[in-house]
Amino acid sequence: MRLGTVDGRLSILLDGRAIDVERVSDGRFSAVADKAFERWDELVEWGHSRTADDAVGFDPAALGPPVARPTQIFAVGLNYRAHAAESGLAAPESPPVFTKFATCLTGPRSTVVLPSGNVDWEVELVVVIGRRAENVAESAAWSYVAGLTIGQDLSERAVQLVGPAPQFSLGKSFPGFGPLGPGIVTLDEVADPDDLELSCRLDEEVLQKGRTSDMIFGVPELIARLSAVCPLLPGDLIFTGTPPGVGMARKPPRFLTPGTTLVSSIESLGELHNPLVAGPAYDAQVTVG
Ligand code: ZN
């Protein structure tokens, strides 16, 4: 099953059609997507018994992020060996973790405003937590996952890397820096959740291509390591890291250009299509670069 939002309402996404969960369930389930996790198993069971007769057509532009205000967003750096290498860094022995603040989340078709000429791309598998996870063993970790979705960990590299001990979170949290979707895909629709092809392209030019099986810390290990410190809550997101091919590592470095569309794909999960436009330069209160 694929759960997303259409015009801000929780919906089951089919091919070009959507089932409005609140209306079709006669109010049994909320239209607010973030509330779905309170009764996730019940919702999935109900959803599986729906048919295309309950669905209506919709404009893809009406799709929003499938989770709007997660309590916590974790993001993992350097989780693919070839990406660590292109960044000039050794493969980490434990995962570097930062956050993306929730106000950066946006829809799978949303236009993203670029606040500068230093914005880089990072396609990532995003894990959506389905139930509270605390000190979870790797062997049990997948059972805490509601589903998987696609994310872009857009990054303003000057802000990300400023200061004597760079803190990544602000540089990765401008409005629109977290395109997410198109929906949360439950694991029964994914052949092998530990091995999915992911890629991103700018218009027709492929920028990144990899497989999630190349992660240094796979999803179960990330859940075990994170939940050993922070309880993971229903609706929380984990951006699991990006494969090689980012712009910052290119010679010369390259960044996103206004007037193009960033397309992010993961096998079995779908695609994000985010047009890019130039915005007014942000008012840097910090010295960057
Ligand atoms: Zn990232």
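Reader: In this predicted model, is aspartate 7 buried or exposed, and what is its relative accessible area?
Author: Aspartate 7 is found in the loop between β1 and β2, and it has a positive phi of about 50 degrees although it is not a glycine. Most residues other than glycine have a negative phi. The cut-off for the exposed class is over 50% relative accessible area, and aspartate 7 counts as exposed, with a relative accessible area of 63%.

Reader: Where is aspartate 26 found, and what is its relative accessibility?
Author: Aspartate 26, which is not a glycine either, has a positive phi of about 50 degrees. The residue is found in the loop between α1 and α2. Aspartate 26 counts as exposed, its relative accessibility being 72%.

Reader: Which residues of helix α2 are buried, and how many degrees does their arc around the axis cover?
Author: Helix α2 spans residues 40-48, and its buried residues are Trp40, Leu43, Val44, Trp46 and Gly47. Those residues lie on the same side of α2, because the arc that they cover around the axis is only 165 degrees.

Reader: Which exposed residues does the face of α2 turned away from its buried side carry?
Author: The buried residues of α2 are covered by parts that include β1 (2-6), β2 (9-13), α1 (21-24), β12 (145-152) and β14 (178-185). On the face turned away from that buried side, the exposed residues are Asp41 and Glu45.

Reader: With which side chain does the side chain of threonine 242 make a polar contact?
Author: Threonine 242 is found in the loop between β17 (237-239) and β18 (261-266), and it is buried, with a relative accessible area of 2%. Leaving aside neighbours within four places in sequence, its contacts are Tyr80, His83, Glu122, Val123, Glu124 and Gln208. A polar atom of the threonine 242 side chain lies 2.8 Å from the backbone oxygen of valine 123, and at 2.9 Å the side chain makes a polar contact with that of glutamine 208.

Reader: Which residues coordinate the zinc ion, and how many residues apart in sequence are the parts that glutamate 124 and aspartate 153 tie together?
Author: The zinc ion is coordinated at 1.9 to 2.1 Å by Glu122 (OE), Glu124 (OE) and Asp153 (OD), and the spacing of these donor residues in sequence is E-x1-E-x28-D. Glutamate 124 and aspartate 153 are both buried. Because glutamate 124 lies in strand β11 (residues 123-129) and aspartate 153 in the loop between β12 and β13 (155-156), the pair ties together parts that are 29 residues apart in sequence.

Reader: What is the area buried between domain 1 and domain 2, and which residues of domain 1 lose the most area to domain 2?
Author: The chain is divided into domain 1 (2-63) and domain 2 (73-278), whose C-alpha centres lie 25 Å apart. Eleven residues of domain 1 are in contact with 18 residues of domain 2, and the buried area is about 1,100 Å², with 60% of it given by carbon and sulfur atoms. Together accounting for 56% of what the domain 1 side buries, the residues that lose the most area are Arg2, Phe37 and Leu63.

Reader: Where is proline 182 found, and what is the omega of the cis peptide bond that joins it to glycine 181?
Author: Most peptide bonds are trans. Proline 182, found in strand β14, is joined to glycine 181 by a cis peptide bond, for which omega is about -5 degrees.

Terms used:
Residues are numbered from 1 along each chain as its sequence is written. This is a predicted model: local features need pLDDT of at least 70, side-chain atom pairs count only at pLDDT 80 or more; totals for chains, interfaces and linings use all residues. Side-chain values use heavy atoms; hydrogens and water are left out. Buried means under 20% relative accessible area, exposed over 50%, partly exposed in between (1.4 Å probe, protein chains only). Helices (H or I, at least four residues) and strands (E, at least two) are DSSP runs, numbered from the N terminus. The arc is that of the directions from the helix axis to the C-beta atoms. Contact means heavy atoms within 4.5 Å. A polar contact is a pair of N or O atoms within 3.5 Å; within protein, one must be able to donate a hydrogen and the other to accept it, and residues adjacent in sequence count only if both atoms are side-chain atoms. Donors are N, O and S atoms within 2.8 Å of the metal (3.2 Å for Na, K and Ca); water is not among the atoms, so sites may look incomplete. Domain bounds come from an automatic or database domain assignment. Buried area is the accessible area (1.4 Å probe) that two parts lose on being put together, summed over both.
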